[in-house]
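Here is a guided look at a protein model, from its overall build down to individual side chains. Please keep the viewer open as you read.

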Amino acid sequence: MKSFLEMESSTATLKHRSKQEMDSMSETFITFMYGNPKKHERIKDWICIEDLADQIDAPWLINGDLNVTLSAAKKYGGAPFQQDSITNITSIIDSCGLVDLGFIGPVFTWSNKQDSHVRIQARLD
């Protein structure tokens, strides 16, 4: 039976874990993320992701909900999509070399649940 070395750390919205097979010394990392609804708190999580990226040189999966919409095509209704509102997050995604693996499901994953004339819908990445 193979043995594993495990490391775990977490914040309120991030849970990070690694496993290393002692026989092969291969290591895999996984981070579960729930993007804080408060933008200033979400930014702290992204700084943590950047810090983790500097330390990881192995396969790494970030799974969860960033609680942001990364393109205008993923939003319907409400105020116009503001590209500059996601500049920090997209630059962190790029600098960390992260890739969106895609999504299968409904077009929109969030709604303000209002009547149609004031309804806002978005697909949260």
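## Overall build

Among contacts in the protein between residues at least 6 apart in sequence, 48% join residues at least 24 apart, where a contact means heavy atoms within 4.5 Å. This is a predicted model, in which local features need pLDDT of at least 70 and side-chain atom pairs count only at pLDDT 80 or more, while totals for chains, interfaces and linings use all residues. Residues are numbered from 1 along each chain as its sequence is written, and side-chain values use heavy atoms, with hydrogens and water left out.

The protein has two helices and seven strands, following the pattern β-β-β-α-β-β-α-β-β along the sequence. Helices (H or I, at least four residues) and strands (E, at least two) are DSSP runs, numbered from the N terminus. Of the 125 residues, 24% count as buried; buried means under 20% relative accessible area, exposed over 50%, and partly exposed in between (1.4 Å probe, protein chains only). The protein exposes about 8,500 Å², with carbon and sulfur atoms supplying 55% of it. Accessible areas come from the Shrake-Rupley method with a 1.4 Å probe, and for residues only the protein chains shown count as cover.

The average pLDDT, the predictor's confidence in each residue from 0 to 100, is 81 for the protein, and 85% of the residues score at least 70. Confidence is highest in β7, at a mean of 94, and lowest in strand β1 (residues 4-10), at 47. Over residues 1-7 the pLDDT is below 50, and this stretch has 20 contacts in the model beyond near neighbours in sequence. Where pLDDT is low, the predicted coordinates should not be read in detail.

## Core and surface

Which residues make up the largest nonpolar core? There are 11 in all: Leu14, Met33, Trp46, Ile49, Ala53, Leu66, Val68, Ile89, Ile92, Ile93 and Cys96. Helices α1 (39-55) and α2 (87-95) each supply at least two residues of this core. A nonpolar core here is a set of buried Ala, Val, Leu, Ile, Met, Phe, Trp, Tyr and Cys residues joined through side-chain atoms within 4.5 Å. In soluble globular proteins, nonpolar side chains tend to be buried together.

On the outside, Leu61, Val99 and Leu101 form a nonpolar surface patch with about 330 Å² of accessible area together. Patches are made of residues with over 30% relative accessible area and no salt bridge; like charges are joined within 9 Å, and nonpolar side chains (Val, Leu, Ile, Met, Phe, Trp, Tyr) within 5 Å. Leucine 101 sits in the loop between α2 and β6 and counts as exposed because its relative accessibility is 73%.

## Salt bridges

How many salt bridges does a search of the whole structure find? The search finds three, each being a side-chain nitrogen of Lys or Arg within 4 Å of a carboxyl oxygen of Asp or Glu. One joins glutamate 41 and lysine 44 at 3.3 Å, N to O. These two are three residues apart in helix α1, so about one helical turn separates them.

Lys74, Arg123 and Asp125 are linked in a network. Lysine 74 pairs with aspartate 125, their closest N and O atoms being 2.8 Å apart. Lysine 74 lies in the loop between β4 and β5 and aspartate 125 in the segment after β7, so the pair ties together parts that are 51 residues apart in sequence. Arginine 123 meets aspartate 125 at 2.9 Å, N to O, and both of these residues are buried. Lysine 74 is partly exposed, with a relative accessible area of 22%.

Most residues other than glycine have a negative phi. Asparagine 67, though not a glycine, has a positive phi of about 60°, and the phi of lysine 113 is near 60°. Asparagine 67 is in the loop between β4 (60-65) and β5 (75-76), whereas lysine 113 is in the loop between β6 (110-111) and β7 (121-122).

Are these residues buried or exposed? Asparagine 67 is buried at 15% relative accessibility, while lysine 113 is exposed at 74%. Leaving aside neighbours within four places in sequence, asparagine 67 has contacts that include Tyr34, Arg42 and Asp125.
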